[in-house]
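Good morning, and thank you for coming. I would like to take you through one protein model, beginning with the whole and then turning to a few selected places.

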Amino acid sequence: MSRNTVARLLVGVALASTIIVLALNRSPLDISSVERFTNSLGIWAPIGHVVLFALGTVLFAPGSAFGLAGGALFGPVAGTLLNLTGAILGATASFLVARYLAADSVRARTGVRLERVISGVEAEGWRFVVLARLVPLVPFNLLNYALGLTRIPLLHYVLASLFAMAPGTVAFAWIGHAGKQALDGDAGAISVLAAIAFLPRLVARLREPSGRPPWIEAEELAQNLLTSHPATVIDVRSPEDFNGPLGHIRDARNVPLATILGHLRELASFRDVPIVLVCRTHNMSSSAAEKLATAGFTDIRVLRGGMVRWNECSLPINDRNPQREESQ
């Protein structure tokens, strides 16, 4: 075994051992601990923060702790610059470590399919780096090492990473800064944090397909059915399921999904009245809603969770299953 091989093996073992130890002892790496340690460095705090961020990236430490601490300690602008410097240094170091330790060995043992994947990544070059950073299918720290196994030029990797990492780095620095200001009683910062708290819900709402009919909850439907003008409930399950263990909602009409388009003339009288579609959960009823909407039905809702949710809420059902009736 050559000296070069032995050196690579020792470096790899040391690196893997350190990563494992840190993974088993995450508690020292929370935001407050990082902030306290960095503050203790005095005038060297900015440099110390960059070094810590870089080392943390190499050792698979959670970058969010360093990113938020940078914003809290140095403000949104300086924090962004320091965070980005530390992150890119760490990402570059990981890239070079992987290339030094394992790139040749991996390529020598690569099968035909994996070789094609690696060649495709290399052909895209910086474009793949940007895409992988902006759509993080692979965790940030792992991606740095994975890209080191390719022959993507180092300069292309660094510049593409800088471009793609900048927006997220700005966001973390601003959140860290806003959190610090909120703890100090800044009302404006508290408003920012409140907006951030609702952001995931807003994004999820915006991602919902615009053509999907609105949900109706089980309790809401139950209340509606007690009014003088209740909605028409159409159960799109098979007749066996309609009269099966889950039962069905009282006065519901059974129109199986597979035949629903053949019942359009029969359903025409409900075209302008509220219709609630029901199935076991809500997948089949969502499909039925799309079909009816295409046919011109305008007031359609889907029971969220279907009969499973209806039964969980202990709401009344009609059960025509003779065996179940006998057991009761």
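The protein has 328 residues, and 37% of them count as buried, where buried means under 20% relative accessible area, exposed over 50%, and partly exposed in between, with a 1.4 Å probe and protein chains only. Please keep in mind that this is a predicted model, in which local features need pLDDT of at least 70 and side-chain atom pairs count only at pLDDT 80 or more, while totals for chains, interfaces and linings use all residues. Residues are numbered from 1 along each chain as its sequence is written, and side-chain values use heavy atoms, with hydrogens and water left out.

In secondary structure, the protein has 16 helices and five strands; these are DSSP runs numbered from the N terminus, with helices (H or I) of at least four residues and strands (E) of at least two. Its accessible surface comes to about 18900 Å², and carbon and sulfur atoms account for 64% of that; the areas come from the Shrake-Rupley method with a 1.4 Å probe, and for residues only the protein chains shown count as cover. As for contacts, meaning heavy atoms within 4.5 Å, 72% of those between residues at least 6 apart in sequence join residues at least 24 apart.

Helix H4 covers residues 63–101, and Ser-94 lies in it. Is Ser-94 buried or exposed? Its relative accessibility is 0%, so Ser-94 counts as buried. Which residues does Ser-94 contact, once neighbours within four places in sequence are left aside? They are Thr-57, Val-58, Asn-144 and Tyr-145.

Two of those partners, Asn-144 and Tyr-145, also belong to the contact between H4 and H8. The axes of these two helices come within 7 Å and cross at roughly 45 degrees; axes are lines fitted to C-alpha atoms, for helices over the stretch in contact, and angles run from 0 to 180 degrees between N-to-C directions. H4 and H8 are therefore oblique to each other, given that angles under 35 degrees count as roughly parallel, over 145 as roughly antiparallel, 65 to 115 as roughly perpendicular and the rest as oblique. On the H4 side, the contact is made by Ala-87, Ala-91, Ser-94, Phe-95, Val-97, Ala-98 and Arg-99. H8 contributes Phe-140, Asn-144, Tyr-145, Leu-147 and Gly-148.

H4 also packs with H3, at an angle of about 45 degrees and with the axes 7 Å apart. That angle makes H3 oblique to H4, and H3 passes H4 in a right-handed crossing.

The next topic is aromatic rings. The structure holds three aromatic pairs; rings of Phe, Tyr and Trp (its six-membered ring) pair if their centres lie within 6.5 Å, and planes under 30 degrees apart count as stacked, over 60 as edge-to-face and the rest as tilted. One of these pairs is Phe-60 with Tyr-145: the ring centres are 5.4 Å apart and the planes stand at 10 degrees, so the pair is stacked. This pair links distant parts of the chain, 85 residues apart, with Phe-60 in the loop between helix H3 (45–58) and H4, and Tyr-145 in helix H8 (residues 140–148). Phe-60 is partly exposed, at 24% relative accessible area, whereas Tyr-145 counts as buried at 12%.

H8 has a further packing partner in helix H7 (residues 126–134), at an angle of about 165 degrees and with the axes 11 Å apart. That makes H7 roughly antiparallel to H8. Phe-128, Val-129, Ala-132 and Arg-133 of H7 meet Phe-140, Leu-143, Asn-144 and Leu-147 of H8.

Elsewhere, Thr-169 sits in helix H9 (residues 154–183) and counts as buried at 10% relative accessibility. Apart from residues up to four places away in sequence, Thr-169 touches Thr-80, Asn-83 and Leu-84.

I close with backbone angles. Most residues other than glycine have a negative phi. Asp-251, however, has a positive phi near 70 degrees; this residue lies in the loop between helix H12 (239–242) and strand S3 (253–254) and is exposed at 67%. Ser-314 has a positive phi as well, near 55 degrees. Ser-314 lies in the loop between helix H15 (306–312) and helix H16 (322–327), and is exposed at 64%.

Technical notes:
Left-handed = near helix turned anticlockwise from the far one by under 90°.
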